[in-house]
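This report covers aromatic side chains and their contacts. Please view the sequence and the structure below before reading on.

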Amino acid sequence: MSVEDGAGARRLEDEPDEPGWEVDPDDDWGVAVVATVGRQLRLRREAVGMRAADFGVAVGYGEDMVYKLECGKRIPRPEFLDRADEVLAAGGLLAAMKEDVRKVRYPKKVRDLAKLEAMAVELQLYDPLNIHGLLQTPEYARGLLLMRRPAYTQDEVEGMVAGRMARKAVFARDPAPELGFVVEEWTLRRPLGGRASLRGQLAHLLEVARSRNVELQVMPMDREEHAGVDGGIEVLKFGDGTAVGRSPVVANGRPVTERRQLHILEMRYGIIRAQALTPRESTALIEQLLGET
């Protein structure tokens, strides 16, 4: 977003020196991308003979922030790259880097998972502890992450929230994958992060459940038999007939592709679905809980 300053030049409203835009030093590819963008930014600025301080004035950033961006210590915002491209007459060179920068904005493990989710034609997902990350609202996700002990830094929290929200692109794919979720009733009742956050989360679940490619089921608290007591399950199936799965009870939680191990996960997931409420019953329960919250 921009505003007009006294000299008539557009200025970005806020410097991006807030949590969530630092480079993860353990992410080699991310470090390389941000360093490359910073180097190109410095070369373009020097090519037009503009001092860092003057460039900062032109884009609405402080000189110190300009140096952080050029040295690859901060991840540039997409709107900054657009403005920098314009100010430095880069002909689209800097603006074209927005896609790579957008990817490194999220933690590496989130990017790797998002790649698999983007290729899957069917996802079978069960989380016994929380509402699954693909179903979480930003407010609910942030509330959960802030409860972690030892505590995450604010940078880590914002980076993980952003990554979690980016994975939601799976819902917008065309053709859409088949998505199956089983959530625990207790996760829908406990107001983690506050009742306002829970209300927003329950309303979001109802919206997601209306999608034709989504099967959302609730495991009620009064079940005397439960096949999910050993932990969560993730099974992603692909168009070529292959699949990858993960669960604490199989291979110590490492991703597995071997047919026998996948069969165990699919069998457990099938039993869990059979023990849970039907999608229609689940929607009715979520509507009831929303009315009570």
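## Charge over a ring

Arg148 sits over the face of Tyr152, 4.3 Å from the ring centre. A charge counts as over a ring if NZ of Lys or CZ of Arg is within 6 Å of the ring centre and within 35 degrees of the ring normal.

## Basis of the values

This is a predicted model, in which local features need pLDDT of at least 70 and side-chain atom pairs count only at pLDDT 80 or more, while totals for chains, interfaces and linings use all residues. Residues are numbered from 1 along each chain as its sequence is written, and side-chain values use heavy atoms, with hydrogens and water left out.

## Aromatic pairs

The structure holds three aromatic pairs. Rings of Phe, Tyr and Trp (its six-membered ring) pair if their centres lie within 6.5 Å; planes under 30 degrees apart count as stacked, over 60 as edge-to-face and the rest as tilted.

Phe55 and Phe80 make an edge-to-face pair, with 6.1 Å between centres and 75° between planes. Phe55 belongs to helix H2 (residues 52-59) and Phe80 to helix H4 (residues 78-87), so this pair ties together parts 25 residues apart in sequence. Helices here are DSSP runs (H or I, at least four residues), numbered from the N terminus.

Tyr61 and Phe80 are stacked, because their ring centres are 4.9 Å apart and their planes are at 5°. Tyr61 is in the loop between H2 and helix H3 (63-70), 19 residues from Phe80 in helix H4.

## Cluster and burial

Phe55, Tyr61 and Phe80 form one aromatic cluster. Phe55 is buried at 0% relative accessible area, and Phe80 is buried at 1%. Tyr61 is buried as well. Buried means under 20% relative accessible area (1.4 Å probe, protein chains only).

Methods. Helices (H or I, at least four residues) and strands (E, at least two) are DSSP runs, numbered from the N terminus. Buried means under 20% relative accessible area, exposed over 50%, partly exposed in between (1.4 Å probe, protein chains only).
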